[in-house]
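User: Please go through some local features of this model with me, one question at a time.
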Amino acid sequence: PSESRQTLQNDEEAAQVGWALGHFHRLCSDLPLQNLHDTLPGFHITPDYFQHYQHHLERRPPQDDGLLFRECAAFIARHRQHVDDLETARQCGALRERVIHGDPKLNNFLFLPGDDRIISLIDLDTVKPGLPHYDIGDCLRSCCRDPRDDSFDLHRAQIILRHYLQEAGVFFQVQDYEYLYPAIWLIPFELGLRFVCDHLNGNRYFKTSYAEENLHRARAQFALCDSIARQKTAILQTIADLKA
């Protein structure tokens, strides 16, 4: 028997999430990527999502110009210079692709019922070549966002990162550490960008129950980005300590 969980209840669960993702990456770290099918071409390629956003932005109908949309569009415009951070690093060889899970949100970790231990990582249809940083960013986005105010739980993130690197540190290089913070910030930004794109495209991808739901989702992710940015110094210090 096993169970998935929607929220983390304690530090022990957070430690298990970090360990489980790091263990998965370590076990797969030497697999030949040429033998692995790309199940989601273009997934997590933030510059491509930004291009889609610009395309839809030019074609948006007049009613898509309310206050909420303008807030989201302004946030994207202020931070567009970060869109290429991870992809540029990959293209120049600073970061290398490995086997990634592709969707390591919390409810894809199976816990032993009544226990803090994780016994499996599921939903493997998204396993593909990619940057481990995509997985790290998405895992922290899922596990460390406080839905009450869209803030980033630094304490929980520190626990996850520490236990992740106990496993993944085996193959981490200097550059991998340098791009951890950009990944932590960029992945929620990317998801917010995708929400806005879907809104402009008629809410065709993400299920919605009202017209502006994707914009509200985007604003929540952008608030998370702001919370991460406010704690940048502490996050960078945590990464430096773990690297040492």
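User: In which sense do strand β2 and strand β3 pair?
Analyst: This is a predicted model, in which local features need pLDDT of at least 70, side-chain atom pairs count only at pLDDT 80 or more, and totals for chains, interfaces and linings use all residues. Residues are numbered from 1 along each chain as its sequence is written, and side-chain values use heavy atoms, with hydrogens and water left out. Strands are DSSP runs of E of at least two residues, and helices are runs of H or I of at least four, numbered from the N terminus; two strands pair if DSSP finds at least two bridges between them. Over 3 bridges, β2 (residues 109–111) and β3 (residues 118–121) pair in a sense that is antiparallel.

User: Which side chain of opposite charge is nearest to Arg 156?
Analyst: Arg 156 belongs to helix α6 (residues 154–168) and is buried (under 20% relative accessible area, with exposed over 50% and partly exposed in between, 1.4 Å probe, protein chains only). Arg 156 has no salt bridge, which would need a side-chain nitrogen of Lys or Arg within 4 Å of a carboxyl oxygen of Asp or Glu. Lys and Arg count as positive and Asp and Glu as negative, while His and the chain ends are not counted. At 4.2 Å, the nearest side chain of opposite charge is Asp 153.

User: How many aromatic pairs does the structure hold, and why is that of Tyr 164 and Phe 172 classed as it is?
Analyst: Rings of Phe, Tyr and Trp (its six-membered ring) pair if their centres lie within 6.5 Å, with planes under 30 degrees apart counted as stacked, over 60 as edge-to-face and the rest as tilted. The structure holds 10 aromatic pairs. Because the planes of Tyr 164 and Phe 172 stand at 75 degrees, with the ring centres 6.0 Å apart, the pair is edge-to-face.
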